[in-house]
Amino acid sequence: MTTPALLPLSGRRIPTLSPGAASFPHHRATLRLSEKFILLLILSAFITLCFGAFFFLPDNSKHNGVRANSVSNVTRTETWSGCSPCSAWVILRDKIRVDHERALQEAKEKLRKSRDELRAEIQTEKSKVVEDLKKKKEVPKPLPPVPMPKVVGVNDGDPVEPDVKEKRDKIREMMKHAWDSYRQYGWGHNELKPLAKKGHSTNIFGNSQMGATIVDALDSLYMMGLHDEFKDGQEWIEQNLDFSVNAEVSVFEVNIRFTGGLLAAYYLSGQEVFKVKAVQLAEKLLPAFNTPTGIPWAMVNLKSGVGRNWGWASAGSSILAEFGTLHMEFVHLTYLTGNPAYYQKVMHIRKLLAKMDRPNGLYPNYLNPRTGRWGQHHTSVGGLGDSFYEYLLKAWLMSDKTDTEARKTYDDAIEAIERHLIRKSNGGLTFIGEWKNGHLERKMGHLTCFAGGMFALGADGSPDDKAGHYLQLGAEIAHTCHESYDRTVLKLGPEAFKFDSGLEAVAVRQNEKYYILRPEVIETYWYMWRFTHDPKYRQWGWEAAQAIDKYCRVSGGFSGVKDVYSSNPTYDDVQQSFFLAETLKYLYLLFSSDDLMPLESWVFNTEAHPLPVLHSSCLVNFCSCLSINH
């Protein structure tokens, strides 16, 4: 008799007969002999199936109400009270059938609905989720009460001279035109395209619309007595300004424009909403400091807290003027919140820089936040470096001249700048060049023109009785920058100008001939006016105001121009937020009396947002908050 062969089939082995063999009787006999075994095998498989279904089928009782719960309870009760596994299977089968029928019925009902009805349902569910999330959000802790610094000179400033008052009124009218145009065509956007008459934004604000112009302009509106416009801005901020957005922003730009603007609006108006919003933003900026050295990233995502640096900055470096322009705002944040973290972050930066070697006593513009080493050896008092030096001086002033460490650091830096960067041209113009890898580039940027005002502001308190020297240096820089305006067709200054090859205070490259409504020259005029009361500074300021009104004004606001040497310039179609925050504010102050924003009581941040001096009574509270938290 032929023996059955064992052949593989899909991983299993089954008996197979050889072809033509008379093996059938033997096979039947084998089945009879193993009949009990096979029946037991089938029974055990069935029992396993029943119990598997009972234990592993999903329990829908959570979703199907009372009836499902009762079926489930019956199933468990009967099974454990001696009912056969088959009875349990029947109950489970009925339960599954009911659930299945219900699901089919719900699906049919959904399919009968129109697309609009389905969208409405989805939106309703989304709204419920959003509301639930809002309810779950923790209520922010109230900020501690702190004594308000003495606020003086907010509503004063009417000039005695009728012609000066007329000029100041003209500046207010220009401010109203800029604001009204933005209000009409760009409301809620960061900036305005005045020719296209629509909103505008740049990468410094990420992809978000945070109303930069509104926040930047608030204190200017308040100073100028445009209180209805101020209220409109306040209402927008209360209802719309949200920093919990997925946007990657410039830490520096958002700090000076938003944090500074909101703090200034708070101190001027006393409205709590501005302080609350400033603190909310500051909390979003703190993750930028999470670097190996504590030097913050240039950009941070407001939602995720992830930071990074500009791709173009020397091998991934942070920029001196950016991480060095946080002190004023962060000191006030610690004062208002009692949270020492803000103060500690900026003091850590100062201490780190104090330990580092500086080539020729100069601060390079680039510092790697990972390694703590300088990047490219490029030093500038203009772009990339400027406001670092400004904030050293203003930290001293804002502390009521008690932060002597800041003053000493400023004095040392200015001494090195004088030695290596400041020169006189062949025509007798004093300029500030740029140091690049051991070589002085005889070029000065419009941004550098702020330094005239800085030298004048820092003259009092200079070492070795050099107050007169620095006031004179400020006057010389103001004169040079005025020449850069006066030597153009439009009487507006170019972005940068050179002092070589027989050309002085004139732009050479086409891409340096533009004017984008910048304030730095007018800023210096104002400081020089305050410290000297020389009428030429008001005259120069009025020349600039007239040129702006003539060549930059359009029906939809004010626009920068691409070539100040052309009698028919083309527009860049951008009304910068700093035009309302700085340029028009400094012009207004220039034609106001010294009673408006006296410099003994106010220090202006680099975006022209005034913050009060923390006099001795305030400093007691500030220092106590630091000692308590240490």
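The side chain of Thr606 makes a polar contact with the side chain of Glu390 at 2.9 Å, a polar contact being a pair of N or O atoms within 3.5 Å in which, within protein, one must be able to donate a hydrogen and the other to accept it, and residues adjacent in sequence count only if both atoms are side-chain atoms. This is a predicted model, in which local features need pLDDT of at least 70 and side-chain atom pairs count only at pLDDT 80 or more, while totals for chains, interfaces and linings use all residues. Residues are numbered from 1 along each chain as its sequence is written, and side-chain values use heavy atoms, with hydrogens and water left out.

Thr606 lies in the loop between β20 (602–604) and β21 (610–612), where helices (H or I, at least four residues) and strands (E, at least two) are DSSP runs numbered from the N terminus. In the unreviewed UniProt entry, the annotation "binding site" covers Thr606; such annotations may be inferred rather than shown by experiment. Thr606 is buried, with a relative accessible area of 16%, buried meaning under 20% (1.4 Å probe, protein chains only). Leaving aside neighbours within four places in sequence, Thr606 is in contact (heavy atoms within 4.5 Å) with residues including Phe252, Ile256, Ser387 and Glu582.

Terms used. Buried < 20%, exposed > 50% of the residue type's maximum accessible area, 1.4 Å probe, protein only.
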